[in-house]
Structures are given as structure tokens and as C-alpha cells.
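Subject: Structure for you to look at

Hello,

Here is the structure I said I would pass on. My notes on what turned up in it follow below.

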Amino acid sequence: MSNTGVGSTEPPRSAGAGSAGAGAGKSAAAVTIEGVTKTFAKGGTIAVQDIDLELQPGEFVSLIGPSGCGKSTLLRVIGDLVQPTTGTVKVGGKSAHQARLDRDYGMVFQEAVLFDWRTITKNISLPLELAGWDRTRRNDRVKEMIDLVELSGFESHHPWELSGGMQMRVAIARALSFDPKLLLMDEPFGALDEMTRERLNLELLRIWEASGSTVVFVTHSITEAVFLSTRVVVMSPRPGRIAGTVEIDLPQPRTADTREEPRFFELATELRELLRGRAVEPIQAEEVQ
Amino acid sequence: MVVLAGLWGLWEAYRAIWMATGWTHPFVVDNLTMPPMTDIVSRLWEPVAEGQPALIRDLLDKSAFTMREAFAGFLLGALIGFAIGVVLHHSRLLRRGFLPYVVASQTVPILAIAPMVVIWLGGKGLPIWMPVAVIAAYLTFFPVAINTIRGLDSAEPRALELMRSYAASPWHVLWKVKFPASLPYIFAALKVSATGSVVGAIIGELPSSIQDGLGGAILNFNQYYSLDPSALWATNIVAAALGIAFFGAVVLAERLVVRAAPEHVA
């Protein structure tokens, strides 16, 4: 557990975090995926095929692709929620299973998945309860997380009293509360309106800077992927394979103005072409969850 | 209150029309088959019999007795039903094997079961109301078991995935996610069971010849119906009020327990 605590005074990671692989010689890769194929028993659908991918600690990697390309499945394989048919996944040098048992994952889904019967405070502290933290330690950490996602004043509210964007911030706070090494996000802002999505994108980057976690982010928005990531992995339609990888060399920290830079549009175009090159069928069968 | 007044009005209107026209279908209406509501209500304040306390006093005492049976049966049945629900939720095999028998248990008439329970449990030094509580539990456990299964199944798949990603134990998943998610279902069942347990307690008193409860009173007044029809009707009204009170108590408990999710409160 060499990760620094959220809100600690560690210096922020150097700019140019986009140079994946640089200086990663001594510590284990955050995630190593080797030859992963996932075939679903029902109908023998091949969700993802021959995936090889390595993530360095502190990277923000987006998986992008058309619906049904298996990006959510790949995310679940990394998180040990789905078992690969062949191939291996290592997280920080451990098996994905061991990493899950060690609580190395913070998961955020498209829906916030908050528990209506718990207040915001109690929702955020749920993983801490499961990890056996005592009450004072839990309360201290929840306070930190509430500050981090700027939800002060809503501690004793219930989820249904919050807007969709605020609910998502609670889900992010909950995922980060126990300081996981790896944040797995499955289209977390997909259900939000454009304005909220752009604001939360900025917030997520700020939180990522502060927490030092490695992030795997599934999206089908090209601009979101460019804006957030240090690297974008483009997946082809079913069976999902890696169609290409694009380093996002936009300077850090990113701001609202980043979206206006010429380089931003160049990278978006590059991604779009990679996606189009493989987009054989415009409409795919529903993505296997 | 408005509804009560309306029902009263319907009763009297039905009486008035049938008596005025002399209609005999579906039955002849007179002061014996349908006593006026004023008679029924005022009967509550008249003595049970010559030289005895007022009927209402007597019925309230008997209600308290029946209530104890019903409440004990309700608790017992709810616990058993919940336990069955939890076990069957966790094992597909047991669910397929046992659920048909759980359903079958409810198709056996309670009147057939009641004497056996009284014979099995009576005269073992147990309080006299215990066998009756068991009969009430027999009516209570079924809806709770069925709805517990359904409620535990109702937890969102995403929430379960989330718990899995936290490496939560099955115990934690049950208590922190599935059980709270099942509460609206369980309370729906408890509302059915609340009235069911009162019926079970009253019926349970009949074959055990318990005179201390409403069942005993109903049996007694039944025999004297031709002489004193208002007494039976008054008893029925008190029994109904008891069921409603129990139902109301469950609704109140639900408000307190499930207050966190008002949209789930029916």
C-alpha cells in the first residue's frame, strides 16, 4: 500500500503524465492484461478477444468503443467481477481476485447505486464499515471525502434529495473513501446532461490529481475520453479487440480551456477515425453487462 | 369517519328498502337478521347477562386475551417466515424442493389443523393461549416467507456487484443491502399477516374451547343468536376493530422503520 492518502500533502504528479511506461521500471504495473478473451456461455458470444494492455500507476486510461464492443466486460474482468475465459489479469503484481479481496478496487457505475435507506454520510462510509474501520476513523475520512467532492451541507441528506450529478459525486467519494489503488469507472457520466458532465469531468481530474489513483474509465464520448485521459484505448466492435491506442499529450492540469485547443480537436479526430475504421455495423446488439 | 358513516348509512338504507318492499332475496330482512346499528352499538353498554358487567367491558377483556395470542403468533410466524425466506433465497435447490410444501401448507384449512395443534401442545403445562398462538403463526408465516424471498431477490444487481467489488461477506451483503431492500416487501406481508393472525387466533380458540377470548365469545353468542342478535354483531365489530388496530400498528412501525425511503411506503 504505497498509495498516498486522499487529501495528503504529497506533491501532485508531474505534468506529462501521458508518457506511459516512463520510469515504471522498478514498481509493478498497475494493471497487466495478457491475452484476455471472454466468451459468454450463453450463445458463445465473444465479448472481448486477445486483449493485451498494461497500465502504469497514476495513469488515466479510457476505454472507448461502440456499444457492444465489450469495454464494460473488460472493465469487469479487470475488477474480478467477470472471469476471463482465457488469459490473465494482474493488478499491482497480484491476481485480480486477490486484488479484489485486498480491496484495491473502487467501482463507479453509470447509475450512482446509492442506498436510499442510508444518508450521504452513511453511503460514503459503507465500504469503510465493511473493511472494519472504527467509527471515529470512518467519520474523519467521510468528512474528508465530503470536502473533496464539495458536498458539505448534504451529509445527512438522503440520496433521493440530491440531483443526478450530486449523486454521482457521492458515488465517486464512496469509491475513493478507502483509498483504492485502482478506480474503475463504467460510463459514470453517461446518464447526465452535457453541462453537468463537463463540470464533473473537471472535478474528476482534480480528484484524480489529489488521490493519485490509477483510473480505468469506460466511455463512448470521444471528447470526454480526450479531455480526461492520459491514454485512450480504442476498441473495435464485437468481438472487442484493441483497435489502437492514442497517447493524449495535452498539458496537465486540464482546464475548461483545454477543450478549445487545436490539439484537442486533432486528438478527437484521430480517435474518431480509429473508431470509424472499425465500425462495420452501425448498431450492435446490446452490450453484455 | 366519513367511510364509517357511509357504511352505517348503507346498512340502514339496505334494511329500510328491504323491509319496506318486503323483498326476500337474498334473505328476509328483519330485526333478527339485520338488527339496527343503534341496537348493536347500544348493546355494547348493556350487561352481558343479568347482573354482569357491560358487554364492552367483557369484550375488551377478551380482546386483550385474543390480542396476546395474535401478537405472539404474529411474532412467531414472522420470525419463522423470515427465516424460511432467507434460507430459500440462498438455495435454489431448497427453494425448488420446499416451496411447493410451503404453499401446500396454506391449502390445508386452518380449521383442520387447529384441533391437532391444540391436542399436541395442550396440557403440557404451557399457558392455555400458546397453542392458539401457534395456530395464528401458521397463518402468519406464509406471506412473510414468500415476500422475504421476493424482497431479498429485489436487491439491485449493480448494488450486489458493488458489494462484490468491496469483497463484502455474504453476511454483510444480506444485512446491509438485501435486508434493507426487502423491507418494503416484508412490511407488505406483515400487514396481511397482522389481520391474518387475529383471524387465526379467533379460529384457534374455537376447538380449544377457550372462553377467555373473542373466539369463545363469538361461539357463545352464536348459540344465543335468535335471542340476542345484537350481541354477536357487536362482537364482530369489536373483532374487526382489533384487526384494524393491529394493522394500524404495523403501518406505524413501517413508517418508523422505512422512513428513510418514503416512496416505498405504500
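How many residues does the contact take from chain B, and how many from chain A? The answer is 15 from chain B and 17 from chain A. Please keep in mind that this is a predicted model.

On the side of chain B that touches chain A, helix 7 (157-165) and helix 8 (170-205) of chain B each supply at least two residues. Helix 7 of chain B gives the largest share, six residues. By class, that side of chain B has eight nonpolar, two polar and five charged residues.

Within chain A, there is an open sheet of four strands in the order 2-1-4-5, with antiparallel pairing. Its edge strands are strand 2 (46-55) and strand 5 (94-95) of chain A, each of which pairs on one side only. Strand 1 (residues 31-39) and strand 4 (residues 86-91) of chain A are joined by five bridges in the antiparallel sense. A:Thr32 is opposite A:Lys90 of strand 4 of chain A.

Also in chain A, helix 3 (residues 120-130) packs on helix 4 (residues 135-148) at an angle of about 125 degrees, the axes being 9 Å apart. Helix 3 of chain A is therefore oblique to helix 4 of chain A, and the crossing is right-handed. Helix 3 of chain A contributes A:Thr121, A:Ile124, A:Ser125, A:Leu128 and A:Glu129 to the contact, while helix 4 of chain A contributes A:Arg138, A:Arg141, A:Val142 and A:Met145. Four of these residues are nonpolar, two are polar and three are charged.

Regards

Methods. Residues are numbered from 1 along each chain as its sequence is written. Chains are lettered from A and ligands numbered from 1 in the order in which they are written. This is a predicted model: local features need pLDDT of at least 70, side-chain atom pairs count only at pLDDT 80 or more; totals for chains, interfaces and linings use all residues. Axes are lines fitted to C-alpha atoms, for helices over the stretch in contact, and angles run from 0 to 180 degrees between N-to-C directions. Angles under 35 degrees count as roughly parallel, over 145 as roughly antiparallel, 65 to 115 as roughly perpendicular and the rest as oblique. A crossing is left-handed if the near helix is turned anticlockwise from the far one by less than a right angle, and right-handed if clockwise. Two residues are in contact if their C-beta atoms, placed from the backbone, lie within 7 Å. Ala, Val, Leu, Ile, Met, Phe, Trp, Tyr, Cys and Pro count as nonpolar, Asp, Glu, Lys and Arg as charged, and the others, Gly among them, as polar. Two strands pair if DSSP finds at least two bridges between them.
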